[in-house]
Amino acid sequence: MTRFISLSIIFYITFIGIVTAQNNYDDVEIKSIKVEDGIYMLMGAGGNIGLSSGEDGVFMIDDQYSPLTLKIVAAIKKISDNPIKFVLNTHWHWDHTGGNENLGKTNVVIVAHDNVYERLTHEQFIKIFNRKTTPSPKKALPVISFNDQVTFHLNGLHIQAHHINNAHTDGDSIIIFKDKNVIHTGDIFFNGMYPFIDTGAGGSIYGMIAGANTILALADDKTKIIPGHGPLANKKDLENFRDMLIHVVDNVTPLVKKGLSLEEAVKQDPLKDLNEKWAVGFLKPDVFLATVYQTIQDHQK
Ligand SMILES: [Zn+2]
């Protein structure tokens with residue numbers, strides 16, 4: 001009887017978990033924000049989507065989670081009647097590539113850096129979330145991959161995707177709408193919050209800082225910046241984010257130099273002057289610290 005009750009409870013919790021997960025997506029609304037004429041940012045759940053819409057079709061940057069594809073496509077329909085031609089993945093993470101399979105099945109051409117193709121093709125494991133992802137089905141994979149940069153000539157624009165080395169992952173791209181003075185940063189920029197850095201997939205806080213500097217060099221005071229997460233941003237917001245990352249390195253490096261373990265470093269609370277402002281996203285300060293500590297240790301060797 002006890003066994004039956006505990007099994008029932010487990011079933012009930014699992015069931016509630018599934019229902020909640022389902023409802024989480026059911027409740028998601030896709031919000032469209034006009035960035036410039038013909039350029040939009042869509043916010044729902046997961047990474048921010050960028051769009052160019054015009055006479056040649058829709059060019060899309062990232063596609064959030066698979067259960068949201070219908071809502072995303074409906075939101076795009078309100079902007080343009082033209083078909084979605086391309087989706088460019090800024091990196092391999094599931095909150096940016098989850099809609100790939102649905103879109104791939106409708107013959108949208110998926111494009112990404114070579115390392116995104118590699119990671120989507122093989123099983124991945126993110127230690128900090130204890131999360132394993134299985135290889136993606138064929139229709140979810142990029143059909144075009146590039147090693148450095150690629151330019152899309154459509155809708156009267158020259159849309160350039162640039163690979164940035166080892167920042168959030170080893171396959172990051174930023175997308176530059178030079179004609180419109182708009183940049184999509186992928187997850188090199190989390191606007192107003194601590195970023196997740198996928199160090200198991202080649203990410204590094206030093207690469208994040210270098211990546212932010214590369215983007216800043218391309219921007220001026222009028223540039224509209226679509227971050228991977230968080231609201232639409234400007235150059236100042238990205239400078240603040242870059243400065244926060246530098247501040248983290250400055251606060252943590254002395255603890256590494258003293259030879260402290262991560263557990264000992266956590267007790268020293270090296271992010272205390274930053275947490276109030278930056279620990280507002282999904283990543284808790286200790287988890288963020290854990291993602292950067294090893295990198296800073298390795299850097300000091
Ligand atoms: Zn990511």
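Q: What makes residues count as contacts of Leu 51, and which are they, leaving aside its neighbours within four places in sequence?
A: In this predicted model, the test is C-beta atoms within 7 Å of each other. Leu 51 is in contact with Ile 39, Tyr 40, Leu 42, Val 58, Phe 59, Met 60, Ile 76 and Ile 79, once neighbours within four places in sequence are set aside.

Q: Which residues have the most contacts inside the largest nonpolar core?
A: They are Leu 51 and Val 292. That core has 74 residues. Its largest share comes from helix 7, with 8 residues.

Q: What makes strand 2 and strand 3 a pair, and in which sense do they run?
A: Pairing needs at least two bridges. Strand 2 (residues 39–43) and strand 3 (residues 49–54) have 4 bridges, in the antiparallel sense. They therefore count as paired. Met 41 stands opposite Gly 50 in strand 3.

Q: What is the order of the open sheet of 7 strands?
A: The order is 1-2-3-4-5-6-9, with mixed pairing.

Q: Why are strand 1 and strand 9 called edge strands?
A: Strand 1 (31–36) and strand 9 (144–146) each pair on one side only. Neighbouring strands of this sheet are turned by 20 degrees against each other on average, direction ignored.

Q: Which strands does helix 2 touch as it packs on the sheet?
A: Helix 2 touches strand 1, strand 2, strand 3, strand 4 (57–61) and strand 5 (84–88). Its direction makes about 35 degrees with that of strand 3.

Q: Why is Lys 77 called exposed?
A: Lys 77 lies in helix 2 (residues 69–79). Lys 77 has 12, so it counts as exposed. Its C-alpha atom is separated by 9.8 Å from that of Val 58, 19 residues apart along the chain.

Q: Where does helix 5 lie, and at what angle to strand 6?
A: Helix 5 (residues 114–121) lies across strand 6 (109–113) and strand 9. It runs at about 105 degrees to strand 6.

Q: What is the order of the open sheet of 5 strands, and which are its edge strands?
A: The order is 10-11-12-13-14, with mixed pairing. Strand 10 (149–154) and strand 14 (224–226) are the edge strands, as each pairs on one side only. The twist averages 20 degrees from one strand to the next.

Q: How do you know that strand 13 pairs with strand 14?
A: At least two bridges are required. Strand 13 (residues 182–184) and strand 14 are joined by 3, so the pair qualifies. They run parallel. Val 182 stands opposite Lys 224 in strand 14.

Q: Which strands does helix 6 touch?
A: Helix 6 packs on the sheet against strand 11 (157–164), strand 12 (172–177) and strand 13. Its direction makes about 10 degrees with that of strand 12.

Q: In what sense does strand 12 pair with strand 11 and with strand 13?
A: Strand 11 and strand 12 pair in the antiparallel sense over 6 bridges. Here Ile 159 has Phe 177 as its bridge partner. Strand 12 and strand 13 are also antiparallel, over 3 bridges. There Phe 177 is partnered with Val 182.

Q: How many residues lie between the strands of the hairpin formed by strand 12 and strand 13?
A: There are 4. Asn 181 in the turn has a positive phi of about 55 degrees.

Q: Why is Phe 190 called buried?
A: The cut-off is 20 or more C-beta neighbours within 10 Å. Phe 190 has 25, so it counts as buried. This residue is found in the loop between strand 13 and helix 6. Beyond four places in sequence, Phe 190 touches Pro 195, Pro 227, Gly 228, His 229, Gly 230 and Gly 281.

Q: What span does helix 10 reach, and what is expected?
A: Helix 10 (residues 285–300) has 16 residues and reaches 22 Å from first C-alpha to last. That is close to the 22 Å expected at 1.5 Å a residue. A kink of about 30 degrees is centred on Val 292.

Q: What covers the buried residues of helix 10?
A: The cover includes helix 6 (205–218), helix 7 (235–257) and helix 8 (262–268). Among the buried residues of helix 10 are Phe 288, Val 292 and Ile 296.

Key. Residues numbered from 1 in each chain as written. Predicted model: local features only at pLDDT ≥ 70, side-chain atom pairs only at ≥ 80, totals over all residues. Helix = DSSP H or I, 4+ residues; strand = E, 2+ residues; numbered from the N terminus. Expected span 1.5 Å × (residues − 1). Bend = angle between axes of the 7 residues up to and from the residue. Contact = placed C-beta atoms within 7 Å. Core = buried A, V, L, I, M, F, W, Y, C linked by C-beta atoms within 7 Å. Axes fitted to C-alpha atoms, helices over the stretch in contact; angles between N-to-C directions.
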